[in-house]
Amino acid sequence: MGQTGLKFREACIRCPVLIVDFSEMSRLVEVRDNLTDRITEAEQEGWFGEVEQLSVSRTAAEEKIAQLEARKARMDSPVFLGTPSFGQLIARDS
């Protein structure tokens with residue numbers, strides 16, 4: 001569940017305050033792929049208004065996926081806490 005209090009399946013993907021949990025990543029990818037298929041169908045049928053709306057939703061889904069990937073990368077990267085390394089201490093002393 002995201003911090004908004006809504007489960008992902010209950011919220012609009014375009015909501016800017018929707019924060020998707022890591023456990024929802026596969027569902028989010030599934031939604032994006034489904035939107036791509038629906039866009040293709042709408043283009044074939046000539047439903048250009050529908051294409052526009054679906055494209056906006058797909059872009060939002062892609063942004064949510066990118067946010068999750070960036071958050072995961074930040075969590076996996078080392079963090080410098082300000083404690084100098086041994087090499088930095090020696091450099092200061094000399």
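## Overall picture

Let's start with how the chain touches itself: among its contacts with a separation of 6 or more, 50% join residues 24 or more positions apart. This is a predicted model. The secondary structure consists of three helices and zero strands, in the order α-α-α from the N terminus. The chain has 94 residues, and 21% of them count as buried.

## Helix H2

Helix H2 covers residues 48-76, which makes 29 residues.

Which residues of H2 are buried? They are Val51, Leu54, Ser55, Ser57, Ala60, Ala61, Lys64, Ile65 and Leu68. Here is a handy point for reading such a list: an α-helix has 3.6 residues a turn, so residues three or four places apart point the same way. The buried residues of H2 pack against helix H1, residues 25-45.

## How H1 and H2 meet

The axes of H1 and H2 come within 9 Å and cross at roughly 155 degrees. Angles over 145 degrees count as roughly antiparallel, so H1 is roughly antiparallel to H2. The crossing of H1 past H2 is left-handed.

On the H1 side, the residues in contact include Met25, Leu28, Val29, Leu35 and Ile39. Their partners in H2 include Val51, Leu54, Ala61, Ile65 and Leu68. Charged residues take part too: among them are Arg32 and Glu43 in H1, with Glu50 and Lys64 in H2. Taken together, the residues of this contact divide into eleven nonpolar, three polar and eight charged.

Technical notes: Residues numbered from 1 in each chain as written. Predicted model: local features only at pLDDT ≥ 70, side-chain atom pairs only at ≥ 80, totals over all residues. Heavy atoms only, no water. Helix = DSSP H or I, 4+ residues; strand = E, 2+ residues; numbered from the N terminus. Expected span 1.5 Å × (residues − 1). Buried < 20%, exposed > 50% of the residue type's maximum accessible area, 1.4 Å probe, protein only. Contact = heavy atoms within 4.5 Å. Axes fitted to C-alpha atoms, helices over the stretch in contact; angles between N-to-C directions. Parallel < 35°, antiparallel > 145°, perpendicular 65-115°, else oblique. Left-handed = near helix turned anticlockwise from the far one by under 90°.
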